[in-house]
Amino acid sequence: METPPILQILNKTGAMLKGDHFVYSSGKHGDVYINKNDLFAFTRACCAAGKLLAERFSKTDVDTVAGPAMCGVLPAQWTAFHLSNQQDKEVYGIFAERDSEAAFVFKRGYDKFISGKNVLIVDDIANSGGTLKKFIQVVKAAGGNVVAAAVLVNRNPKNVTADFLGAAFHSLADLEFPAYDAADCPLCRQGVAVNTTVGHGKEFVDKRELQSAMKHG
Ligand SMILES: [Zn+2]
């Protein structure tokens with residue numbers, strides 16, 4: 001099978017990490033990690049990713065592309081840029097900020113680009129899909145007509161679906177690979193060192209060392 005273009009982009013920027021021992025934000029462990037922060041530093045790669053999304057929606061009537069801050073900001077902006085060029089009109093690119101851990105809010109007067117508009121929602125990577133689902137509700141509550149939600153990569157294609165989100169849904173690539181609870185992690189069992197540079201490996205290792213010190217102290 002040919003590698004989807006978005007994964008080629010991630011590979012090229014070095015954002016796609018494999019063959020190591022990672023701790024994800026869910027607390028689970030696995031050997032593949034997408035370091036999206038490394039994608040955002042490469043403007044041409046970000047631009048190309050936005051173009052791929054814009055091509056998917058070239059026949060859709062979109063007024064505004066909206067993303068959740070922080071990681072949806074740049075993909076939403078680049079998608080809006082390419083839609084504007086393709087359709088030769090101004091397609092707005094905006095974002096909502098976290099008000100608290102639980103909620104997003106449109107500040108800066110950006111709600112005027114949502115109310116009564118056809119809104120395409122863009123985020124970088126879907127894991128649990130929880131952020132995307134919340135964000136769709138925020139856009140609807142602000143009076144936006146959600147035409148679709150889209151991500152660069154869906155890490156959880158079995159669960160993150162149009163049904164789950166309550167909106168049409170597209171991903172440029174579905175990428176499923178095993179994630180283990182720490183207690184069942186084969187990499188831990190084999191004594192493979194945890195990557196403490198990306199993801200939540202450092203917290204995991206610090207905690208493990210503290211627990212071990214308490215047990216032996
Ligand atoms: Zn592990």
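**Strand β7 and its sheet**

Let me start with strand β7, residues 145-154, which runs parallel to β8 and is joined to it by five bridges. Helices (H or I, at least four residues) and strands (E, at least two) are DSSP runs, numbered from the N terminus. This is a predicted model, where local features need pLDDT of at least 70, side-chain atom pairs count only at pLDDT 80 or more, and totals for chains, interfaces and linings use all residues. Residues are numbered from 1 along each chain as its sequence is written.

β6, helix α5 (residues 130-141) and β7 form a β-α-β unit that is right-handed, that is, with the strands pointing away from the viewer, the path from the first strand over the helix to the second runs clockwise.

Now the whole sheet. It is open, has six strands in the order β5-β4-β3-β6-β7-β8, and its pairing is mixed; two strands pair if DSSP finds at least two bridges between them. At the edges are β5 (104-105) and β8 (169-174), each pairing on one side only.

Is β7 enclosed or open, and why? Eight of its 10 residues are buried, so β7 is largely enclosed by the rest of the structure. Buried means that 20 or more other C-beta atoms, placed from the backbone, lie within 10 Å of the residue's own.

Methods
Buried ≥ 20, exposed ≤ 12 C-beta atoms within 10 Å, placed from the backbone.
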